[in-house]
Amino acid sequence: MPESPLHAPILSWYAAHQRDLPWRRPEASPWSVLVSELMLQQTPVARVLPVHEAWLERWPTPAALAAEPTGEAVRMWGRLGYPRRALRLHAAAVAILERHGGSVPEDHADLLALPGVGEYTAAAVASFAFGQRHAVMDTNVRRVLARAVSGVALPGPSVTAAERRLAVSLLPDADDVAATWAVAVMELGALVCTATSPACGQCPVRDRCAWVAAGAPAYDGPARRTQAWDGTDRQCRGRLMAVLREASGPVHVSSLEAAWPGTEQRERCLVGLLVDGLAVRAGPETYALP
């Protein structure tokens, strides 16, 4: 494949502007990369950094985490949100220990077979931990390619076959360069080509961006969902989880009632936590982490 005119400027920009993140350092283990990828799903880097550091300090290997109860993973997850990701990481650690001798597998198919690992995460770990050539399609990458190549403000709500073909077609031929390209495009989307206020004046490919050339037309696709918080089941679940995390043992139902007074919503959310495996019934009127 001939080199894309986007390659050199974006790779040069990344070399000069990349953030110093622990999971990107040369000494970072594949486990560190996998942990970071699950933590970064729907969570900003600034919130992930301290939790990632504490997690790796306590559980530097998958085997160390697999040896602990799942409830400890949920407790350490803290306030990152979407705590089912903690259960998935614990399940992935157990699978890595049982299937791969405790080492995060290099093979993309083996990564994809781990609990909680989807197409994006498998490609990201294969690229960032093992220097392989894969199309890594997160929200930032999709937005950069949508603007720079397709000339639209934002990509659609889900990855299309055409988007994936485009991303694959833009991969540099050499594995190591392709892996760097993947993270460079991601970083450009995170720092410059942002969703709401892109800093086009700082973009290394402004002069070859199809969206800029078209006059930066506004997004005209399907309405994009915004996530409410106040009064939602997510907020209620978060309050209940906070009570369970901060307790050293089983929690009486009265403590959960104090955390969220709305009886019907609280009971619905508590049942949801039990079904999801994030909480267990410890007695007739007590609950705990698993």
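Biologist: How many cavities of 30 Å³ or more does the count come to?

Modeller: This is a predicted model, where local features need pLDDT of at least 70, side-chain atom pairs count only at pLDDT 80 or more, and totals for chains, interfaces and linings use all residues. Residues are numbered from 1 along each chain as its sequence is written, and side-chain values use heavy atoms, without hydrogens and water. On a 1 Å grid over the protein atoms alone, a cavity is a set of points where a 1.4 Å probe fits but cannot get out. Of 30 Å³ or more, the count is two.

Biologist: Which helix supplies the largest share of the lining of the largest cavity?

Modeller: Lining residues have an atom within 4 Å of a point. The largest cavity holds about 100 Å³ and has 15 of them, with Arg-147, Cys-193, Cys-200, Cys-203 and Cys-209 nearest its centre. Helix 9 (139–150) and helix 12 (210–213) each supply at least two; helices are DSSP runs (H or I, at least four residues), numbered from the N terminus. The largest share, three residues, comes from helix 9.

Biologist: How many residues lining the second largest cavity are charged?

Modeller: That cavity has a volume of about 70 Å³, and its lining includes His-134, Met-137, Leu-171 and Trp-181. Helix 11 (175–191) gives the most, three residues. Asp, Glu, Lys and Arg count as charged. The lining divides into 10 nonpolar, one polar and, as for charged residues, none.

Definitions and conventions
1 Å grid on protein atoms, 1.4 Å probe; cavity = no way out; pocket = protein on both sides within 12 Å on 5 of 7 lines; lining within 4 Å. Points joined across faces, edges and corners; volume = space filled by probe spheres on them.
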